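Here is a brief report for a first look at a predicted model. Please keep the structure in view as you read.

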Amino acid sequence: MSEITTDQVAHLANLARIALTPEEIDKLTGELSVIIDSIAKVSQVATADVPATSHPIPLTNVFRPDVIGDTLSQEEALSGAPEHDGSRFKVSAILGEEQ
Amino acid sequence: MAQPAELMDFDKAIELFEPVLGFEVHVELNTKTKMFSDAPNFFGGEPNTNVTPVDLGLPGSLPVVNEQAIKYSISLGLALGCEIRPSSRFARKNYFYPDLAKNYQISQYDEPIAFDGSVEVELADGRLFQIPIERAHMEEDAGKLTHVGGATGRIQGAEYSLVDYNRAGVPLVEIVTNIIYGAERDAPELAKAYVSTIRDIVRSLGISDAKMERGNLRCDANISLSPRGSGKLGTRTETKNVNSLRSVERAIRYEIQRQAAILAAGGTIIQETRHWHEDTGVTSAGRPKSDADDYRYFPEPDLLPVAPSLELIEELRAALPEAPAIRRRRLKEAWGFTDLEFQDVANSGLLVEIEETAAAGASAAQARKWWTGEIARLANAASVDASSLVSPADVAELIGLIESGELTDRLARQVLEGVVAGEGSPSAVVQSRGLAVVSDDGALIAAIDDALAAQPDVLDKIRDGKVQAAGAVIGAVMKAMKGTADAARVRELVLERAQQ
């Protein structure tokens, strides 16, 4: 079994803004450990001559030319917003400084 | 609000502590479109109009990399003396803040496109300093938040925030230095010189507008103090919101004095983000570094690796503009400035402005005179950088008007004020304010007649050999014509009259 702790799960839940009960944290700690152990099996298969990859398709350099295309109208951009002031999205005040 | 902190005398602080620096400079690239979408790279204008589903993080939308942004990033990496990674990839930096709608920023983490560089920076007295560059990586800019409610429109006490995503997705390169030791008492000046050098590099590459006051170029300054002889690094703070070259210098100086006072009193420095306040010249505590800084980076699954060919890298390397040090030597020679004059220009951070003004047709000597003189004076008075006040093209036009005799220096200063106030180009200001030199003899003679009528003995004095008496008439004419008279011509006319 891998060493996933309840503290780590609580920390992750906090980072992801997911409210978990202590029971849920206990349950997820066990489940995450199983998941991590399963993924660790892949490392046993991967040998030194298999390069690490972040993508299943062996492609690189998929670019687009620097040419302006269509944009959304302001109305379209705001159409899915729960709240807006007519031109900007309105969000709850968030404490903490700008990133 | 920011309260002035206890400060230690700067010299005393440097005696007790060694300042250790580090900089993160963000450069907005001036591509036509955004980093991952084909929306116009244009911030400003009507909010939320330069956006696509990608910039809003709408479900099902997928980013595609802007090829020009890759080329610009490689060019910048090369200009910083960096290695270009044969294969680099993007990563998701996860955080919850509404300046990006996706809840993550696409950045680069373990595989930045450029790494291991060095930038030569020149101090005011000509000493050179090598700034080690750890990496330069690509990422996207975030949207603009406006906090509404609360006493001052600041985030504290705000009731809600309004978000404009026009800037979200604008291509950025973040340049990160290694830890910089040995700056000693030059630390504030070195900080300014470094940012100024980066600005000159990106401008000579033509890859960014690089205007600090507009946020095209932003500097986060890290600073810590190491007690002399301790051999240990102190706790660092990261100062943000430093929006001009002069504030970079002031902010570093302030942080050295503030941290030294705390350490000397037996206190500890809190590792935190601090905000620079240009108006009061102090920094204030922002967000403490904490668990929230756990960004859980992972490779961006929606994008493929960037693997520039050696041919492309060499092509871009061959197209690089000359290195800043070589450029300085060439300009000094071409302009024929003395060491002192050139040093003055280099220290003012106005090399590019003067170069561009000269390229627009003005003489380098006149360009230097105006940029380091009147324009610098106006900039100091307004606490902004001179480059933000007026464009090199406008200065060249102004100098042209002086050289063609349409403006005197005195009138030119008034025209400059008009240009700075946003009244248009120099010739437009001349028109709208009616400031052109009057060289029409008829108008001058009429004014001279009036002045002589009030001072009838002047002509006799001149005839008696007291030529300086003409000054009183010239003064009266200039006053009557609100400075638009050509003083030299008025003098000629008065002396002619005395001979009649």
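Helices (H or I, at least four residues) and strands (E, at least two) are DSSP runs, numbered from the N terminus.

α15(B) passes α16(B) in a right-handed crossing. A crossing is right-handed if the near helix is turned clockwise from the far one by less than a right angle, and left-handed if anticlockwise. From α15(B), B:Ala470, B:Val473, B:Ile474, B:Val477 and B:Met478 meet B:Ala487, B:Val490, B:Arg491, B:Val494 and B:Leu495 of α16(B). Contact here means C-beta atoms, placed from the backbone, within 7 Å. The contact residues are 9 nonpolar, no polar and 1 charged. Ala, Val, Leu, Ile, Met, Phe, Trp, Tyr, Cys and Pro count as nonpolar, Asp, Glu, Lys and Arg as charged, and the others, Gly among them, as polar.

α8(B) brings B:Glu353, B:Ile354, B:Thr357 and B:Ala358, while α9(B) brings B:Ala364, B:Ala367, B:Arg368 and B:Trp371. By class, that contact has 5 nonpolar, 1 polar and 2 charged residues.

## Strands of chain B

An open sheet of 3 strands in chain B runs in the order β5-β4-β15, with antiparallel pairing. β5 (104–107) and β15 (298–299) are its edge strands, each pairing on one side only. Strands pair if DSSP finds at least two bridges between them. Strand β4 (residues 91–94) joins β15(B) through 2 bridges. There, B:Ala91 stands opposite B:Pro299.

Strand β6 (residues 114–122) pairs with strand β3 (residues 83–84) in the antiparallel sense over 2 bridges. B:Glu83 has B:Phe115 as its bridge partner. β6(B) is also joined by 8 bridges to the antiparallel strand β7 (residues 128–140). B:Val119 faces B:Ile131 across that pairing. The hairpin of β6(B) and β7(B) has 5 residues between the strands, and B:Gly126 takes a positive phi near 95 degrees.

## Where the chains meet

The contact takes 51 residues from chain B and 34 from chain A. On the chain B side, β9(B) gives the most, with 5 residues. That side has 25 nonpolar, 14 polar and 12 charged residues. Strand β2 (residues 89–92) of chain A pairs with β9(B) in the antiparallel sense over 4 bridges. One bridge sets A:Phe89 against B:Val163.

## Confidence and conventions

Chain B averages a pLDDT (the predictor's confidence in each residue, from 0 to 100) of 89, and 96% of its residues score at least 70. The model scores ipTM 0.86 and pTM 0.78.

Residues are numbered from 1 along each chain as its sequence is written, while chains are lettered from A and ligands numbered from 1 in the order in which they are written. This is a predicted model: local features need pLDDT of at least 70, side-chain atom pairs count only at pLDDT 80 or more, and totals for chains, interfaces and linings use all residues.

How values were computed
Contact = placed C-beta atoms within 7 Å.
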